[in-house]
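Please keep the sequence and the coordinates open while reading.

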Amino acid sequence: MELPILLRQGVEHLLEKVPLPTLKQAAKTLSDRYRAELRDGRLHMAEEMAVKAYLATRLPATYAAVRASLDAVSEARPGYAPKTLLDVGAGPGTVLWATLDLWPDLEQAVLLEASAAVRRVGETLAADAMTAKIAWLAGDVTIDLADLKPAELVTCAYVLDEIAPASLPKLVDRLWHLSDDTLLVVEPGTPAGWERILAVRRHLIEAGAHVLAPCPHEAPCPLAAPDWCHFSRRVARSRLHRLAKEADVPWEDEKFIYVAASRQAVGPSRARVIAPPKSGSGKVLLKLCEKDGSAGEKLFTKRDGEIFKAARRLDWGDALPE
């Protein structure tokens, strides 16, 4: 899944005069902070060079994860097309671009972001590229949500790993309160990210939310450590990306996990593929999270007729056709 053309061109323009050694060092520092999930009181992208390192090495992957998560919302609610967006911890506008790519009739977006450097870059990328009315606000996601207005779609992507666990329940309460219709939370697809999403999911269900995706049920998660639920998107690396990361492989796999919840009850959910399919001659083995709250592998063969043909086309993260 590639970046929208206008976004890709904007990123290339911002990066064209950045010295490669400087970008490589900034990318390493940023990657180390993300991997360690540091909470040292400093923003991961407090400085402009850290933002540019993110654009070069992280934006394509996080965009792909957010876009895939939004696709799952759209599949669960085919008639849903939000007109207003509130993105909390917006970064350079990743969610905004993905939302507009899927729902181009979006009319208004409010983006809350603590880093002034990130806000400047986000505003630059969005300038003259969008028809939606966009407002960028400075603010900390844990303390600056009180005066925000509700939106039809509220999002919080790749943010929870930067806040203290004790702040999570209050933040989720506030995000749900701000959601007129749907809330989407996306996290890195690590065991720790999965645990955070599970906490968010439990909190939302207790608040009366209806789970849209990825879970086809609202029972406790059937997986247990060392297993964990996550998904993946393969992303092509640009030449600059490969140079900045000193990477030989022309692609990377972005692992992510998400939960989407709505105030609207949805129709019967469908089982979801929660691991890479295993295909053989005339058969495919899928690991499924089922509507009854269970999870396990299920074998489909040619004897299953049309459902086998459909199962053979499924990818990790897809919902099983009825």
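In which loop is Pro 226 found? Pro 226 sits in the loop between strand 6 and strand 7. The model is a predicted one, and that applies to every value below. Ala 225 and Pro 226 are joined by a cis peptide bond, with omega at about 10 degrees. Pro 214 also has its place in the loop between strand 6 (210–213) and strand 7 (231–236). The bond from Ala 213 to Pro 214 is cis as well, and its omega is near 0 degrees.

Another backbone detail concerns Tyr 158. This residue is not a glycine, yet its phi is positive, at about 55 degrees. Tyr 158 belongs to the loop between strand 4 (151–157) and helix 7 (168–178).

The strands come next. Strand 2 (residues 108–113) pairs with strand 3 (residues 133–138) in the parallel sense, and six bridges connect the pair.

Helix 3 (residues 48–57) packs with helix 6 (residues 116–126) at an angle of about 50 degrees, and their axes are 8 Å apart. Because of that angle, helix 3 is oblique to helix 6; angles from 65 to 115 degrees would count as roughly perpendicular, and those under 35 as roughly parallel. The crossing in which helix 3 passes helix 6 is right-handed. On the helix 3 side, the contact consists of Glu 48, Val 51 and Leu 55, which meet Ala 117, Val 118, Val 121 and Leu 125 of helix 6. By class, this contact of helix 3 with helix 6 has six nonpolar residues, one charged residue and no polar ones.

What angle do helix 1 and helix 6 make where they cross? The axes of helix 1 (residues 5–15) and helix 6 cross at roughly 125 degrees and come within 9 Å. Helix 1 is therefore oblique to helix 6. Helix 1, too, passes helix 6 in a right-handed crossing. Leu 7, Gly 10, Val 11 and Leu 14 form the helix 1 side of the contact, while Val 121, Thr 124 and Leu 125 form the helix 6 side. The contact of helix 1 with helix 6 includes five nonpolar and two polar residues, with no charged ones. Val 121 and Leu 125 are listed in the contact with helix 3 and again in the contact with helix 1.

A further helix pair is helix 4 (residues 59–76) and helix 5 (residues 94–102), whose axes come within 9 Å and cross at roughly 45 degrees. So helix 4 is oblique to helix 5. Their crossing is right-handed. In helix 4, the residues in contact are Leu 59, Thr 62, Tyr 63, Val 66, Arg 67, Leu 70, Asp 71 and Ser 74. They meet Thr 94, Val 95, Trp 97, Ala 98, Thr 99, Asp 101 and Leu 102 of helix 5. Sorted by class, the contact of helix 4 with helix 5 has eight nonpolar, four polar and three charged residues.

How values were computed:
Residues are numbered from 1 along each chain as its sequence is written. This is a predicted model: local features need pLDDT of at least 70, side-chain atom pairs count only at pLDDT 80 or more; totals for chains, interfaces and linings use all residues. Side-chain values use heavy atoms; hydrogens and water are left out. Axes are lines fitted to C-alpha atoms, for helices over the stretch in contact, and angles run from 0 to 180 degrees between N-to-C directions. Helices (H or I, at least four residues) and strands (E, at least two) are DSSP runs, numbered from the N terminus. Angles under 35 degrees count as roughly parallel, over 145 as roughly antiparallel, 65 to 115 as roughly perpendicular and the rest as oblique. A crossing is left-handed if the near helix is turned anticlockwise from the far one by less than a right angle, and right-handed if clockwise. Contact means heavy atoms within 4.5 Å. Ala, Val, Leu, Ile, Met, Phe, Trp, Tyr, Cys and Pro count as nonpolar, Asp, Glu, Lys and Arg as charged, and the others, Gly among them, as polar. Two strands pair if DSSP finds at least two bridges between them.
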